[in-house]
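Visitor: I am new to this structure, and I would like to go through the words used for it one by one. Could you show it to me first?

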Amino acid sequence: MTSASGTNPGWPPGTVPIEIFVLIAENLDYVDVQNLRLVNKEFNDKLLCYLYRQLVIHLSPELKTRLDSGLLTNGSTSTDMADDLSRSPVFKYLGPTIRRLGLALELSEEELASPDIEDEMEIFCFPCRNEADEEKLVGGPVVYLNYDENDDENDDENDDENDVQGKKIRPFLWRGAYRWPRRLNDQPSLPLGEVTTSLESSQGIFRILGSVENIRELALSCEGGLGYLQGPDINPFQPPCPPPIFGNPNTARVTPDFSTQAGLPIRDLPIPYTLERLYKSFADLGIEQKDYNRQASDIYRREGIGRDDFAHDGRTNAPLPACRYPYKVTRETYDSRDARTRLMPDALTKTQARFLYQHVSAQQALVQSFLLALLDKGPRLADLTKLNISRLPSSHIDLLCRRELWSALPHLEEVALGIVPDWRSVSKLDNVTVDVIQVFPTDALPKAYRLLKDYIGKCQNITRLHFEWICGGELAPGCAQRDRHVLPAPFLKSHRKVILSSWDNLLFLEHIVHLSLKNCWFAPNVFYRLILRMATEHSLTSLELETVSLSGPRNPQINRAFSLDKDMGIIVEGARPPPNTTQDVDLPLKWSWAHVIDMLTPGPTVKEHLHELKYGPWAPKLRIRKELKLRKLAFKSCGYVYVYDVRFISNSRFEGLYDSLNPPKESPAGESKEDLEKVLQVSTDRHLAIVVPKLDGWESDVLRQVFGFSTGWTGVYDAGMIRAAQEDGIEAPGHGRFTGTIEHDPPRPDEDGEPYTCSPVGSLDYNDTPELNRLLRMLEELHGYHPRHAADGRGDT
C-alpha cells in the first residue's frame with residue numbers, strides 16, 4: 001500500500017473508520033486482537049477501545065506488588081491499591097469506553113495449599129544484621145558491652161551483674177540461626193494484609209466507579225476456601241480455578257493440565273511446606289543456599305526434634321456442626337506424616353486455617369468497599385442495567401441485605417447471583433489460633449431466601465433474575481464432587497421442609513419477568529406451585545433451567561421406617577413402578593418431569609398429542625385452554641436427583657439405578673475411593689442430593705415426541721466438557737438428562753378449548769423431627785463419624 005503522495009509505502013493514517021476495526025476485532029480471538037495492536041499507533045489507539053470494553057481486575061497480592069513497583073502508575077504509589085489503579089492510564093483515558101467491569105478477589109487451592117503467611121516463629125541469624133532485629137529480641141535499645149570476640153564465651157557469661165546494671169546485655173554470643181516466638185503485636189507487612197488494608201479505605205473503588213460512567217454491567221467475584229475444596233481430587237481437564245466472570249462459565253481444557261500444585265503428592269514436590277518456608281526465611285536473612293541444610297540441622301539439634309517432626313504441620317479434622325452435639329465430633333484423624341498432598345480439605349493445617357481467615361477478612365473488605373461505592377456512585381450510573389454477583393460465599397450474603405443499596409440502583413434491570421455455599425466456618429480464638437468447624441451447606445438457603453424476598457424481590461425495576469449454587473452437580477469437576485452435593489433452590493421459607501408447598505412457605509417474585517436457575521433441585525409439587533402462581537398472578541413469562549432437577553414425589557407413608565443399605569451406601573426404600581408397555585406415549589406418571597411440564601407448557605400438551613395419534617392429523621384438533629403468561633420454557637441437561645431424606649421424599653421410582661449413584665472406586669489420578677474419603681470433605685446434610693443418571697423409557701418417549709426434547713450432552717456441551725466428565729468416571733455424560741425449548745404457540749382459539757385439569761397439590765404442613773436423629777446418625781456413620789453418646793444428638797439443624 002502506498003501513501004497519498006504515492007512515494008512512501010505504509011499505512012494511510014486516519015483513513016479506516018473505527019467501526020471497521022471493531023468489526024474485524026469481533027471475528028478474532030482476544031490474543032490476536034492484542035497482537036493486532038502492535039501494528040502501529042493507529043491500530044493501538046482504535047483497538048484499545050474495543051479491548052477495554054470489558055475489563056476484570058483481580059485485586060490480588062500479585063497486583064499489589066506490581067502497583068508498589070510503580071510500573072502501572074508512572075512511579076506514583078499509595079497504600080490504596082484501588083486508588084493506584086484509578087490513576088492508571090486505563091481508567092484515566094479509557095474509562096468512558098468500558099462497558100463491563102468486574103472486580104475479583106479469589107483464593108485458589110494452590111495458594112491455600114502453600115499459604116504466603118507469617119510464621120508463628122521468627123527466624124534470626126546471629127549476629128544480627130541490624131539493630132532493629134536485636135531490639136526485637138532484647139525488648140529495647142541495645143547497649144553493646146565491650147568484649148573481645150576471641151574471649152571465651154564462659155568468661156562473658158560470668159560477668160559481674162554490677163558491671164552491666166541498667167544495660168541491655170547483648171545476647172549475640174550465640175552463633176547461627178535460631179527461631180524466636182513472634183510478638184503478638186507484630187503485624188508483618190505481607191501482601192494479603194496489604195490488600196485488606198487498601199480495600200478497607202474504599203476510596204479507590206469510589207474513584208474507579210466514578211471513571212466508568214458508561215458502564216452497563218458491573219460484576220463482583222469474591223470466593224475461595226469456605227466452600228467445597230477438591231484437594232487431591234483434580235480433573236486435569238478442569239483444574240481447580242474459577243471460571244471466567246464474563247462469558248461461558250462451562251469451559252474445560254482440550255488438553256490436560258497437570259501443572260497445579262494443590263493436589264500433587266508431597267513426594268513429587270521438592271521439600272515439605274514447613275521447610276520451604278524456613279528456607280525462604282534463610283534467603284531473607286542473606287544466608288547462602290549452600291548453608292540451608294546446615295543451619296536447619298542446627299535448629300533441629302537445638303530444639304531437640306528431628307527433621308520429620310519439624311516438617312510436620314499439625315492438622316485437625318473439622319468437627320461436625322455445633323448444632324448436633326455439645327462436644328466436638330470428628331472423623332478419625334488422618335496421620336499427615338503419611339499424607340500424600342499438601343491440601344487435605346477435611347483437615348487444614350494451622351497455617352492454612354490462619355491464611356484462610358485472613359483471606360476471608362480481605363473478601364469482606366472488598367464486598368463492603370464495593371457496596372459503599374455503589375451507594376455513592378450508583379444513582380449516577382444511568383447505563384448500569386445489570387449487577388452480576390458472579391461468585392460470593394454464603395457467609396457474605398448478609399452484606400448485600402441493605403435496602404439503601406438496592407434503592408441506589410434505580411436503572412438496574414437484571415441481577416445474577418452465583419452463591420458458593422459454605423462448608424466450613426472460621427473464627428479467630430487468638431492472634432495465632434483459628435478455629436475451623438463444619439457447617440451444613442444448606443444453611444445458605446435462608447440467607448439467599450432473605451436476599452431474594454426482602455430486597456431483590458421488592459425492586460420493581462428488576463425484572464430479570466439468574467440464580468445458581470456453585471457447589472457440586474453435573475458440571476463440578478472431581479470424581480467425588482461431580483453429580484453430587486446438589487442443593488435445593490432457595491424458594492422455601494422453612495428450608496428444611498423441602499416438600500411443603502403451602503403458599504406461606506414459597507417465595508413468589510412478583511416483578512420477575514425472566515427467571516433463570518442453575519444447579520439446584522425442587523420437590524415436584526413445590527416447583528409446580530411456584531411457577532404456576534408466578535406465571536398466573538404475577539409477571540413470569542420466560543423460564544430457563546440448566547442442570548435443574550426434581551426429586552421424587554412426596555412419600556405417601558410419611559414418617560415410616562427406613563433402612564440403610566450398607567453395600568450401596570444409599571438409603572433404599574419402596575418399589576419402582578412397572579415400566580409402560582402399552583404404547584409409545586401415555587399420560588405421564590404423576591409428579592414426573594413430563595407431568596409437570598405438561599401442566600406448565602405454553603405449547604402442545606400430552607393429551608392433545610394423544611388425541612392426534614388416535615384420530616389422525618386431519619381430524620379436528622383438541623385444544624386445551626390454560627391461563628398462564630409463560631411464553632418460553634427452556635431446559636438444559638435437566639433430570640432427577642436422589643435425596644437422602646426418605647422420611648418425606650419417595651425415591652422408589654429410582655430403585656434399580658443405585659449402582660450408577662456410587663462414585664467410582666478409583667479417581668483418574670489413581671487414588672482409591674477409600675484414600676480420597678480420608679482427606680476430602682464430607683457432609684451429613686440430608687438435603688444434599690445426588691444426580692440420577694437415567695430416565696425411564698416411557699418418560700423419554702413423552703419428552704421426545706410431545707415436547708421435542710433430546711437426551712444426552714451431544715450438541716449441548718462441547719467436547720471438552722464431555723471429556724472432563726468422562727475423566728471423572730462418568731461413562732456417558734448427560735445420560736438421563738434432557739434438553740429442549742418450548743416456545744409459545746401462535747395465537748389459537750383457546751376460548752373454544754377445554755380447561756386443563758391439574759393434579760391436586762398437597763400443601764399440608766408436617767413435623768420434620770420424627771426419626772430425624774436416627775437419619776442423621778446413620779449419615780454420620782456412613783461418612784465415618786462415631787459420636788461417643790448417640791443420645792446427645794440435638795437433632796435440629
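Guide: What follows is a conversation about the terms that apply to this predicted model.

Visitor: What does the chain come to in secondary structure, and how many of its residues are buried in percentage terms?

Guide: The chain comes to 24 helices and 20 strands, and buried residues make up 53% of its 797 residues. Among the contacts with a separation of 6 or more, 81% are accounted for by residues 24 or more positions apart.

Visitor: What makes helix 1 and helix 3 count as parallel or perpendicular?

Guide: The axes of helix 1 (residues 18-25) and helix 3 (residues 41-51) cross at roughly 65° and come within 9 Å. Angles of 65 to 115 degrees count as roughly perpendicular, and the two helices are therefore given that description. Their crossing is right-handed.

Visitor: Which residues meet where helix 1 and helix 3 are in contact?

Guide: From helix 1 there are Ile18, Phe21, Val22 and Ala25, and they meet Glu42, Phe43, Lys46, Leu47 and Tyr50 of helix 3. Sorted by class, this contact has seven nonpolar residues, two charged ones and no polar ones.

Visitor: How do you know whether helix 19 is parallel or perpendicular to helix 22?

Guide: The axes of helix 19 and helix 22 cross at roughly 30° and come within 9 Å. Since angles under 35 degrees count as roughly parallel, helix 19 is called roughly parallel to helix 22. In this contact Trp593, Ala594 and Ile597 of helix 19 meet Glu699, Val702 and Leu703 of helix 22, and by class there are five nonpolar residues, one charged and no polar.

Visitor: Which residues of helix 22 are buried, and what covers them?

Guide: In helix 22 (residues 697-705) the buried residues are Trp698, Glu699, Ser700, Val702 and Leu703. Their cover includes helix 19 (593-600), helix 20 (606-615), strand 16, strand 18 (710-711) and strand 19 (738-743).

Visitor: And what makes helix 18 and helix 19 count as parallel or perpendicular?

Guide: Helix 18 (residues 524-536) packs with helix 19 at an angle of about 10°, and their axes are 11 Å apart. That angle falls under the limit of 35 degrees, and therefore helix 18 and helix 19 are roughly parallel to each other. Pro524, Phe527, Tyr528, Ile531 and Leu532 of helix 18 meet Trp593, Val596, Met599 and Leu600 of helix 19, a contact with nine nonpolar residues and with no polar and no charged ones.

Visitor: Which residues touch the most other members of the largest nonpolar core?

Guide: That core has 159 residues, and those touching the most other members are Ile57, Leu101, Trp406, Phe522, Phe527 and Trp593. Helix 15 (residues 350-377) gives the most to this core, with twelve residues. A second, separate core of 15 residues includes Leu275, Phe282, Ile287 and Ala296.

Visitor: What is said of the phi of serine 637, and why is serine 637 called buried or exposed?

Guide: Most residues other than glycine have a negative phi. Serine 637, in strand 16 (residues 632-642), has a phi near 55°, a positive value in a residue other than glycine. With 0% relative accessibility, serine 637 counts as buried.

Visitor: How do you know whether proline 249 is buried or partly exposed?

Guide: Proline 249, found in the loop between strand 5 (217-223) and helix 12 (273-284), has 38% relative accessibility and so counts as partly exposed. Not counting residues up to four places away in sequence, proline 249 touches Pro243 and Lys518. Between proline 249 and serine 390 there are 141 residues of separation in sequence and 10.0 Å in space, C-alpha to C-alpha.

Definitions and conventions: Residues are numbered from 1 along each chain as its sequence is written. This is a predicted model: local features need pLDDT of at least 70, side-chain atom pairs count only at pLDDT 80 or more; totals for chains, interfaces and linings use all residues. Side-chain values use heavy atoms; hydrogens and water are left out. Axes are lines fitted to C-alpha atoms, for helices over the stretch in contact, and angles run from 0 to 180 degrees between N-to-C directions. Helices (H or I, at least four residues) and strands (E, at least two) are DSSP runs, numbered from the N terminus. Angles under 35 degrees count as roughly parallel, over 145 as roughly antiparallel, 65 to 115 as roughly perpendicular and the rest as oblique. A crossing is left-handed if the near helix is turned anticlockwise from the far one by less than a right angle, and right-handed if clockwise. Contact means heavy atoms within 4.5 Å. Ala, Val, Leu, Ile, Met, Phe, Trp, Tyr, Cys and Pro count as nonpolar, Asp, Glu, Lys and Arg as charged, and the others, Gly among them, as polar. A nonpolar core is a set of buried Ala, Val, Leu, Ile, Met, Phe, Trp, Tyr and Cys residues joined through side-chain atoms within 4.5 Å. Buried means under 20% relative accessible area, exposed over 50%, partly exposed in between (1.4 Å probe, protein chains only).
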